[in-house]
Amino acid sequence: MQGNESTRLVCSILAMDQSCFSYKVCRFCETPVPDDKPAEFICNNRKCAGRRRSSKRLFRLLVWQFSIGTETRVMNVVAFDRAAQVIFGCSAQEFFDFSVLHPCAALGVLRNHGVCVLVHNTVKIASTVLVGELLKVTLNTPKRGKAEHLRMTNIVPMSSDFEPVIETLRKVDWS
């Protein structure tokens with residue numbers, strides 16, 4: 001794929017990076033902010049003009065997938081918030097809040113490229129649930145030159161009994 005090309009294919013998820021499933025952004029302009037910023041902060045983005053804003057989380061899933069089309073290959077792709085919500089069944093903020101509200105889910109904090117990310121059992125379970133899931137996806141090349149992975153911009157689960165990750169997690173006995 002080159003330029004602004006889109007490719008639609010049917011694939012199966014092999015694995016998902018469990019260390020960095022979401023990132024924090026300004027609720028108003030969606031500019032990324034460091035995880036160590038308080039819930040309310042001064043946003044210096046031009047759109048916010050130094051106003052006090054609150055934050056929210058968006059999905060950023062690094063997924064390894066296996067194409068089962070005519071060309072068999074393994075690719076690393078990224079699914080950002082809108083596409084990832086289809087398979088998670090909720091927003092990244094709802095998923096994060098669910099994880100925090102279940103104390104048995106928390107494992108600790110990990111530093112990854114200077115960004116603090118919460119790693120917990122819910123992410124492990126989400127990854128396990130998604131492995132092998134058959135999906136129809138649209139892949140696009142990144143719009144920014146520095147990005148290294150293709151983008152999954154549209155995701156459609158192929159299984160008639162597909163259940164979003166959050167529904168599966170709600171059924172887990174956390175005691």
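Trainee: Which residues does Arg151 touch?
Mentor: Leaving aside residues up to four places away in sequence, Arg151 touches Val78, Phe80, Thr138, Leu139, Asn140 and Pro142, where contact means heavy atoms within 4.5 Å. This is a predicted model, in which local features need pLDDT of at least 70, side-chain atom pairs count only at pLDDT 80 or more, and totals for chains, interfaces and linings use all residues. Residues are numbered from 1 along each chain as its sequence is written, and side-chain values use heavy atoms, with hydrogens and water left out.

Trainee: And is Arg151 buried or exposed?
Mentor: Arg151 counts as buried because its relative accessible area is 19%, and buried means under 20%, exposed over 50% and partly exposed in between, with a 1.4 Å probe and protein chains only.

Trainee: What about Glu133, how far away is the nearest side chain of opposite charge?
Mentor: That side chain is Lys171, 12 Å away, and Glu133 is buried without a salt bridge, which would need a side-chain nitrogen of Lys or Arg within 4 Å of a carboxyl oxygen of Asp or Glu. Lys and Arg count as positive and Asp and Glu as negative, while His and the chain ends are not counted.

Trainee: What does Glu133 touch, then?
Mentor: Beyond residues up to four places away in sequence, Glu133 touches Cys11, Ser12, Ile13, Ser159 and Phe162.

Trainee: New topic: how far apart are Ala15 and Thr128 in space?
Mentor: They are 7.9 Å apart, C-alpha to C-alpha, although 113 residues apart in sequence. Ala15 is partly exposed, because its relative accessible area is 27%.
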